[in-house]
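Dear colleague,

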Amino acid sequence: MAGNKQKHILDGIKVLDITNVIAGPSVGNLLIELGADVIKVELSPTGDRARFIDPIKPGRGSTFVKHNRGKKSLLLDLKQPAAQTIVKDLLPQIDVFVENFAPGAIARMGLGYDSVKAINPRIVMCSISAFGQTGPLAHAPGYDYIGASYAGVLDVLGGEPDGAPTFPGVAIGDVMASVQATAAIGYALYHRERTGAGQYLDISLLDSYFYVHDRGTIRHKLSGGTFRMKRPGRFTRDFVPQGIFKGRDHYLCFMVALDKVWGNLCKAMGKPELGRHPDFATNAKRQENAEQVYKLVQDWLDATPEDEVLRLMDEYHIPVGPLLNVGEAAEHPHMIQRGTIRTVQDPVLGEIELPGPPMRFSEFPDPVDVPAAPLLGEHNRMILKEYLGYSDEKIEQLEAQGLFRKKG
Ligand SMILES: CC(C)(COP(=O)(O)OP(=O)(O)OC[C@H]1O[C@@H](n2cnc3c(N)ncnc32)[C@H](O)[C@@H]1OP(=O)(O)O)[C@@H](O)C(=O)NCCC(=O)NCCS
């Protein structure tokens with residue numbers, strides 16, 4: 001934006017990130033995309049555990065590389081009070097503090113909200129946990145899929161109605177919780193702008209997952225507890241035809257939710273008369289005759305090249321999506337043109353591709369130029385000198401005390 005001096009909307013906001021794996025690190029990642037400055041404190045000796053997930057090169061896991069770009073890594077042994085003091089020295093400069101240990105762990109590092117607030121009452125502190133900070137499950141550790149299990153989501157997410165549930169291939173819940181945390185942080189900063197007050201945010205994988213329910217909770221209550229949601233399998237009977245068909249090259253997801261769209265699909269299939277046929281004209285009739293509808297559509301798909309199917313669906317304004325694999329998605333011209341995929345440099349892996357920033361602002365049309373994810377402890381000296389004004393002698397002393405690695 002001409003004349004706009006800010007790097008992005010959160011330019012000038014300083015974030016302290018003491019996080020592991022995905023749900024916590026992803027928050028700092030999103031805040032960096034919005035222009036924030038993020039210091040990531042990593043626990044010695046090995047730092048964020050995601051460094052070892054899908055290690056493409058030793059200690060350089062893809063999960064870490066994705067969720068920690070642009071962060072400054074400060075490696076500390078936070079079991080030592082003197083190392084905790086370093087973090088406490090940083091707190092007065094910090095606007096947002098994000099952590100995702102199991103409840104209780106951050107307080108054992110001397111960094112619970114009461115201690116943090118006493119040092120900086122303007123801080124917005126965000127904890128992400130599996131089950132939240134209160135309640136009978138609060139103490140327990142958990143990951144995305146554990147939250148999804150307790151939330152009644154994994155039971156219906158995938159798999160055939162009468163078969164076993166299936167395991168998801170991506171961590172949707174971690175990223176969803178991080179997006180909710182990022183939204184909450186934004187509103188807490190807005191509140192601070194109006195009142196001067198910071199606050200504590202309690203975000204959990206369970207709450208985040210459970211929030212997706214609509215019919216399940218309502219029908220459960222209204223049925224007196226007898227209603228049981230089922231996995232849809234390939235087709236949902238809410239609307240017919242809606243679900244996953246087999247195209248010649250890919251599976252194809254169809255969403256024919258409106259009768260007018262059914263009419264258009266019939267035109268695309270070269271059978272416009274079926275749009276008005278009494279057995280199929282309304283969704284109610286198509287639900288009754290679903291197997292016939294599925295066969296009509298599948299026969300058309302079997303007989304028609306997939307690019308022609310997609311062209312006709314586009315021409316008749318019908319929502320459809322080929323189930324691309326991730327490589328095909330990354331190479332799709334639409335993704336490339338919009339910057340949904342971007343090429344970045346990694347000091348260890350070389351040139352890699354990553355998803356582009358998901359939040360777009362008209363006042364900040366250009367994405368932030370985010371450097372690569374840090375090496376472990378890469379910024380120790382820089383942070384201690386530039387943020388805290390420690391002298392070289394003091395830093396060497398702290399090093400000799402073993403604050404940057406585990407004692408013993
Ligand atoms: C991710 C999780 C399951 C890992 O469990 P865990 O390894 O047992 O870690 P906890 O957070 O329970 O902490 C237990 C101890 O490990 C230590 N620890 C945690 N991560 C560490 C790390 N990367 N390096 C060194 N020590 C670490 C903690 O300091 C704590 O020490 P203490 O008990 O002596 O005080 C847990 O942190 C958790 O439930 N987090 C909240 C939900 C979440 O974000 N899950 C991950 C989604 S991607």
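A nonpolar core, as the term is used here, is a set of buried Ala, Val, Leu, Ile, Met, Phe, Trp, Tyr and Cys residues joined through C-beta atoms within 7 Å; a residue is buried if 20 or more other C-beta atoms lie within 10 Å of its own, exposed if 12 or fewer, and partly exposed in between, with C-beta atoms placed from the backbone. Please keep in mind that this is a predicted model, in which local features need pLDDT of at least 70 and side-chain atom pairs count only at pLDDT 80 or more, while totals for chains, interfaces and linings use all residues. Residues are numbered from 1 along each chain as its sequence is written.

The largest nonpolar core has 67 residues, and those that touch the most other members are Leu31, Leu76, Val96 and Cys126. Helix α8 (residues 172-195) supplies the largest share of this core, 6 residues; helices (H or I, at least four residues) and strands (E, at least two) are DSSP runs, numbered from the N terminus. Apart from this core lies another, of 15 residues, which includes Phe245, Val256, Met269 and Ile318. Leaving out residues up to four places away in sequence, Leu31 touches Leu10, Val15, Ala36, Val38, Val96 and Thr182, where a contact means C-beta atoms, placed from the backbone, within 7 Å.

As for the chain as a whole, 32% of its 408 residues are buried, and its secondary structure comes to 18 helices and 13 strands. It is divided into domain 1 (14-211 + 339-400) and domain 2 (242-327), with bounds that come from an automatic or database domain assignment. The centres of the two domains, taken over C-alpha atoms, are separated by 43 Å.

Around the ligand there are 21 residues, of which Val21, Leu43, Phe101, Ala102 and Pro141 come nearest; a residue counts as near if its C-beta atom, placed from the backbone, lies within 6 Å of the molecule. The elements that give two or more residues to this shell are α4 (105-108) and β7 (124-129).

With best wishes

Note on methods:
Contact = placed C-beta atoms within 7 Å.
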